[in-house]
Amino acid sequence: APSLAAALRRAGVLTAAMTEAPPPQDLELAIRRWAAALLRILARWAGSRAAALPLVFDEEDRRSLRSVLRGAVQHVPPEQRLAGLIPTPALPERALEELARTATPADAAALLAVWHHPFATTVLPAAAAAQPDLFALDLALSRAVAVRAIDAARQSRSRTLRAWVCDTIDLENARSAILLSTAGDDVVPADVFLPGGQHLTFPAFERAVMAREPGAVAVQLATAFAETPYGATFMHAGRDVAALEHELVQQRMGELARERRRAPLGPLPVLWFALQLRTQVVDLQRIVWTVALNAPRGSLDIPFAATA
């Protein structure tokens, strides 16, 4: 709609060269390019806080590859695999487009290997399986991100960054525990658990996986996270992983906002900015398709101020 394009143009998302009423696919591409430009600015601005940048870019690459690999398994059209993805230095726009056109996860992983992407070695075994498993692909990406995040935090010598990485790994393990609690008796928790957290130990993770019943899983996770802001969230999580992830993102943004005020010259403002940007990309994508499909609008009053 022309009014949406005008609003995005005023917010600096669209360039003046775009038509008055571009199609939704063009709007989505413009949003991705806008977000990528902001990440480039962030990288130049970070200076001494650049230790946080690998965490930012690796997380975006993980989201991109998750979408690409899932799309290949499920035979999703290439343009849908690209929806909402933000280009990074390791996976620029053309690379994402080439990955989105691959026919199989193995083809995508082979491209990553040719490009010497740091995730290639970890992802290739799961992607090369005769029948690639979506959870195994997700786990391979999570493992690659965790290993690099631990290394980046260690090199940074920042206690706040190390704490953030530990929490991230803990929450990734909690998500896996909820998913695996429904997977049956053939699950081997040791094959799934990511080392490097500090609250959810392996014994607690194993108890949560083996609890099976949603209430019992929630109790195990809430107990493990009792001394963190996330304990109460897990207590009411059930097995709705999507709702849980949304709630955890909101909580983490709140934690980052508080911590960055305590240490404004540290690395956490970089992570806060990146998380705000990711949230805005998701919101803008929803707005574009809500308007394009003339779906019920609900509440679409979402500000642009956080990353403008």
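Let me begin with a definition: a residue is called buried under 20% relative accessible area, exposed over 50%, and partly exposed in between, using a 1.4 Å probe and protein chains only. By that rule Phe 202 is partly exposed, with a relative accessible area of 27%.

This is a predicted model, in which local features need pLDDT of at least 70 and side-chain atom pairs count only at pLDDT 80 or more, while totals for chains, interfaces and linings use all residues. Residues are numbered from 1 along each chain as its sequence is written, and side-chain values use heavy atoms, with hydrogens and water left out.

I will stay with Phe 202 for a moment. Phe 202 lies in helix α11; helices here are DSSP runs of H or I with at least four residues, strands are runs of E with at least two, and both are numbered from the N terminus. Leaving aside neighbours within four places in sequence, Phe 202 is in contact with Pro 189, Ala 190 and Phe 193, where contact means heavy atoms within 4.5 Å. Phe 202 and Ala 190 are 12 residues apart along the chain, and their C-alpha atoms are separated by 7.9 Å.

Next, the cores. A nonpolar core is a set of buried Ala, Val, Leu, Ile, Met, Phe, Trp, Tyr and Cys residues joined through side-chain atoms within 4.5 Å. The largest one has 69 residues, and Leu 221, Phe 234 and Leu 271 have the most contacts inside it. Helix α15, residues 268–292, gives the most to this core, with 13 residues. Another core lies apart from it, with 24 residues, including Leu 96 and Leu 137. Back to Leu 271: not counting residues up to four places away in sequence, Leu 271 touches Ala 52, Leu 55, Val 56, Leu 161, Trp 164 and Leu 256.

On a 1 Å grid over the protein atoms alone, a cavity is a set of points where a 1.4 Å probe fits but cannot get out; a pocket is an open set with protein on both sides within 12 Å along at least five of seven lines; and lining residues have an atom within 4 Å of a point. Grid points are joined across faces, edges and corners, and a volume is the space filled by probe spheres set on the points.

There are 2 cavities of 30 Å³ or more, and the largest cavity has a volume of about 40 Å³. Which element gives the largest share of the lining of the largest cavity? That is α8, with 4 residues. Among the lining residues are Ser 142, Glu 172 and Leu 194. Glu 172 is found in helix α9 and is buried, with a relative accessible area of 14%. The side chains of Glu 172 and Ser 142 are joined by a polar contact of 3.0 Å.

The largest pocket has a volume of about 1500 Å³. Its lining has 43 residues, and Glu 59, Arg 63, Glu 245, Val 249 and Arg 278 lie nearest its centre.

Last, the backbone. Most residues other than glycine have a negative phi. Arg 157, in the loop between α8 and α9, has a positive phi near 60 degrees. Is Arg 157 buried or exposed? Arg 157 is exposed, with a relative accessible area of 75%. Arg 212 also has a positive phi, of about 70 degrees, and is found in the loop between α11 and α12.

Definitions and conventions
Polar contact = N/O pair within 3.5 Å; in protein donor to acceptor, adjacent residues only side chain to side chain.
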